[in-house]
Amino acid sequence: VSESLPFNSAMSSIWSFYKGSRWRLGTISQTDEVTLNLNYDNVLEAILGLLEQTPDYMLTFDFSTNPWTVNVASRGQTVSAEGRLERNIQSAVVEYDETDLCTVAYVPYETQIDGSDNEQIARYTADSESIRLYGQVEKSIPGNGYTQQQAERAAQLYLRKHKKPKVGIDIGGLDLSKITGETLDSFDVGKLFRLAIPKYGIIVEECITSVSYSSLYLKPESVRIMLADAQDKVIETLKSISSAVSNARKTT
């Protein structure tokens, strides 16, 4: 079964299948339209399927409640953490990948003409700034059984994720927040992080996706930070939604 509905309604629908007692769903206020596909093996996979359609959201967990609470929070939109060489950054590896760069997307969708499916191809473009910087990089986005509205949603999601080169950043740094008391010196998943290397003219802003410590006891200040997504699952999500839509149409 596949349908389009607000994010909070989709989360409630998925959570109705949870039969455990250790977790509860918090108040979900996000109302972005998503495509709900219930063709998953478990509740967690279905929730992750929604999050793959909404890159600005992430799961958070409150272990102070009983049962524990699952919430959905927005990733940082303004810089709230910063790293600079010769201060709190010991090493930084920045990798750019233009393999999936796309500023013009072609997406197929179906219309009904005389009771039969008729395939159309729609052309969608990224924002003018991306076109100016990277030119017209065209790609065909796979789809099977999209309506025009679903094709537009798929194109918007794909262009949002691919309108600029993918960036992967691996940072070895020092958490100085306990010493300085500065918010910019603390690193948490979801924060928008600014990496500044003035010597080489590099300033990169990406969300923190992973924070790990080599030894919390021996070196509590030594931290490894990952920025941006290591793996891009947007295309897999689009394919699964497209397949579900196609199967649903065939059985109605």
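Leaving aside neighbours within four places in sequence, Phe-7 is in contact (heavy atoms within 4.5 Å) with Ile-28, Gln-30, Thr-31, Asp-32, Val-34, Leu-50, Leu-51, Thr-54, Tyr-57 and Val-72. This is a predicted model, in which local features need pLDDT of at least 70, side-chain atom pairs count only at pLDDT 80 or more, and totals for chains, interfaces and linings use all residues. Residues are numbered from 1 along each chain as its sequence is written, and side-chain values use heavy atoms, with hydrogens and water left out.

Phe-7 also belongs to a nonpolar core. Such a core is a set of buried Ala, Val, Leu, Ile, Met, Phe, Trp, Tyr and Cys residues joined through side-chain atoms within 4.5 Å. Buried means under 20% relative accessible area, exposed means over 50%, and partly exposed lies in between (1.4 Å probe, protein chains only). The largest nonpolar core has 18 residues. Those with the most contacts inside it are Phe-7, Met-11, Ile-14, Ile-47, Leu-50 and Val-72. At least two core residues come from each of α1, β3 (33–37), α2, β4 (57–62) and β5 (68–74). Helices (H or I, at least four residues) and strands (E, at least two) are DSSP runs, numbered from the N terminus.

Now take the two helices. The axes of α1 (residues 7–15) and α2 (residues 43–51) come within 10 Å and cross at roughly 170 degrees. Axes are lines fitted to C-alpha atoms, for helices over the stretch in contact, and angles run from 0 to 180 degrees between N-to-C directions. The two helices are therefore roughly antiparallel to each other. The cut-offs are under 35 degrees for roughly parallel, over 145 for roughly antiparallel and 65 to 115 for roughly perpendicular, with the rest oblique. On the α1 side, Phe-7, Ala-10, Met-11, Ile-14 and Trp-15 meet Val-43, Ala-46, Ile-47, Leu-50 and Leu-51 of α2. By class, this contact has 10 nonpolar, no polar and no charged residues. Ala, Val, Leu, Ile, Met, Phe, Trp, Tyr, Cys and Pro count as nonpolar, Asp, Glu, Lys and Arg as charged, and the others, Gly among them, as polar.

Next come two backbone features in loops. The peptide bond from Asn-66 to Pro-67 is cis, with omega near 0 degrees. Pro-67 sits in the loop between β4 and β5. Glu-86 is not a glycine, yet has a positive phi of about 70 degrees. Its loop joins β6 (79–84) and β7 (89–97). Glu-86 is exposed, at 84% relative accessibility.

Glu-86 leads on to Ile-197. The pair is 111 residues apart in sequence but 9.5 Å apart in space, C-alpha to C-alpha. Ile-197 lies in strand β12 (residues 192–197) and is buried at 8%. Beyond four places in sequence, Ile-197 touches Leu-85 and Ile-202.

Val-167, in strand β11 (residues 166–174), is buried at 8% relative accessibility. Not counting residues up to four places away, Val-167 touches Val-94, Glu-95, Tyr-96, Val-204, Glu-206, Leu-227 and Ala-228.

Finally, the whole chain. The chain has 6 helices and 14 strands. Of its 252 residues, 39% are buried. Among contacts with a separation of 6 or more, 67% join residues 24 or more positions apart. A search of the whole structure finds 0 disulfides (pairs of cysteine sulfur atoms within 2.5 Å). Cys-102 is buried at 0%, and Cys-207 is buried at 16%.
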